[in-house]
Amino acid sequence: MVEDRRVRRYVDRRHAGRLLAESLGGFADDEPLVLGLPRGGVPVADEVARALGGTLDVLVVRKLGFPGQPEVAIGAIAAVAGRIEVVENREITARPYELGPAERMISDAASVAERELRRRQGRYRGARTPSDVAGRTVVLVDDGMATGASMRAAIAAIGSERPARVIVAVPVGLSGSCARVRPLVDAVVCPWEPTELWSVGEAYEDFSPTSDDEVRRILAASGRA
């Protein structure tokens with residue numbers, strides 16, 4: 001059981017990954033496919049994959065930001081095996097806006113995000129094909145969930161690849177994000193669901209940005225780049 005994180009935050013993503021892995025020990029026999037959501041989810045996923053004896057890979061997801069307020073997620077976009085999935089954050093888009101219909105905002109944001117998503121896929125993977133998902137236990141890992149929009153896009157993308165089961169694993173989940181995701185997967189593992197935090201970064205002492213180069217180094221060390 002993870003200690004009370006209201007008293008002590010995670011030191012960094014590596015520390016969070018090691019503690020998260022303790023809560024995932026029951027899945028070690030499955031030799032799971034552990035998919036980190038770049039960039040920040042990859043160091044967490046690396047620790048989980050090591051602890052479970054699983055295979056590490058990435059599932060590239062991009063948040064779709066509200067026009068002029070990129071920190072507000074109106075949805076997310078994810079790519080698996082060349083297919084694009086877009087998920088709308090209805091808690092935001094259901095409200096009326098002077099900027100026009102939510103569908104247009106989502107479409108415009110997705111067009112921009114898709115270019116960056118494909119760039120990152122190429123940078124992380126090169127010519128390497130994605131791991132085979134069919135019939136495997138898949139653990140989707142991020143460094144935390146705020147709205148859950150990015151994770152829901154990842155779930156939608158991976159679902160049509162016919163995994164045996166899908167587990168979402170995050171060190172921290174804010175604002176009911178775990179409850180929104182839970183009906184979509186076989187299990188959600190989240191040791192800390194605080195009510196007093198406003199951002200995922202507040203759960204960490206060191207929340208320095210993870211670079212593309214760091215993602216590539218982690219994948220190379222695991223044999224997946």
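Student: At what angle do helix 2 (residues 41–52) and helix 7 (residues 212–221) pack?
Tutor: In this predicted model, the axes of helix 2 and helix 7 are 9 Å apart. The angle at which the two helices pack is about 15°.

Student: Are helix 2 and helix 7 roughly parallel or roughly antiparallel to each other?
Tutor: The packing angle of helix 2 and helix 7 is about 15°. Angles under 35 degrees count as roughly parallel. The relation of helix 2 to helix 7 is therefore roughly parallel.

Student: Is the crossing in which helix 2 passes helix 7 left-handed or right-handed?
Tutor: The two axes are 9 Å apart where helix 2 and helix 7 pack. The crossing of helix 2 past helix 7 is left-handed.

Student: Which residues in helix 7 do Val42, Pro43 and Asp46 in helix 2 meet?
Tutor: By class, this contact of helix 2 with helix 7 has 4 nonpolar, no polar and 2 charged residues. On the side of helix 2, the contact is formed by Val42, Pro43 and Asp46. The residues they meet in helix 7 are Glu214, Val215 and Ile218.

Student: At roughly what angle do the axes of helix 1 and helix 2 cross?
Tutor: Helix 1 passes helix 2 in a right-handed crossing. The axes of this pair come within 7 Å, and the angle at which they cross is roughly 35°.

Student: Which residues of helix 1 make the contact with helix 2?
Tutor: By class, the contact of helix 1 with helix 2 has 7 nonpolar, 1 polar and 6 charged residues. Helix 2 contributes Pro43, Val44, Asp46, Glu47, Val48, Arg50, Ala51 and Leu52. The residues on the side of helix 1 are Arg13, Arg14, Gly17, Arg18, Leu20 and Ala21.

Student: What covers the buried residues of helix 1?
Tutor: Helix 1 is mostly covered, with 7 of its 10 residues buried. These buried residues are Arg13, His15, Ala16, Gly17, Leu19, Leu20 and Ala21. Their cover includes helix 2, strand 6 (137–141), strand 7 and strand 8 (187–189).

Student: Which residues of helix 5 are buried?
Tutor: Helix 5 spans residues 149–159 and is mostly covered, with 8 of its 11 residues buried. The buried residues of helix 5 are Ala149, Met151, Arg152, Ala153, Ala154, Ile155, Ala157 and Ile158.

Student: Is Glu31 buried or exposed?
Tutor: Glu31 lies in the loop between helix 1 (13–22) and strand 1. Its phi is positive, about 45°, although Glu31 is not a glycine. Exposed means over 50% relative accessible area. Glu31 has a relative accessible area of 55% and is therefore exposed.

Student: What is the relative accessible area of Arg162?
Tutor: Arg162 is placed in the loop between helix 5 and strand 7 (165–169). Phi of Arg162 is near 60°, a positive value in a residue other than glycine. Arg162 is exposed, and its relative accessible area is 60%.

Student: Which residue does a cis peptide bond join to Pro38?
Tutor: Omega of this cis peptide bond is about 0°. The residue in question lies in the loop between strand 1 (33–36) and helix 2. The residue joined to Pro38 is Arg39.

Student: Which residues does Ala110 touch, not counting residues up to four places away in sequence?
Tutor: Ala110 belongs to helix 4. With 10% relative accessibility, Ala110 counts as buried. Ala110 and Ile84 are 26 residues apart in sequence and 9.9 Å apart in space, C-alpha to C-alpha. The residues that Ala110 touches are Leu64, Ile77 and Val86.

Student: What percentage of the 225 residues in the protein is buried?
Tutor: The secondary structure of the protein comes to 7 helices and 8 strands. Of the contacts with a separation of 6 or more, 67% are between residues 24 or more positions apart. The buried residues make up 50%.

Conventions
Residues are numbered from 1 along each chain as its sequence is written. This is a predicted model: local features need pLDDT of at least 70, side-chain atom pairs count only at pLDDT 80 or more; totals for chains, interfaces and linings use all residues. Side-chain values use heavy atoms; hydrogens and water are left out. Axes are lines fitted to C-alpha atoms, for helices over the stretch in contact, and angles run from 0 to 180 degrees between N-to-C directions. Helices (H or I, at least four residues) and strands (E, at least two) are DSSP runs, numbered from the N terminus. Angles under 35 degrees count as roughly parallel, over 145 as roughly antiparallel, 65 to 115 as roughly perpendicular and the rest as oblique. A crossing is left-handed if the near helix is turned anticlockwise from the far one by less than a right angle, and right-handed if clockwise. Contact means heavy atoms within 4.5 Å. Ala, Val, Leu, Ile, Met, Phe, Trp, Tyr, Cys and Pro count as nonpolar, Asp, Glu, Lys and Arg as charged, and the others, Gly among them, as polar. Buried means under 20% relative accessible area, exposed over 50%, partly exposed in between (1.4 Å probe, protein chains only).
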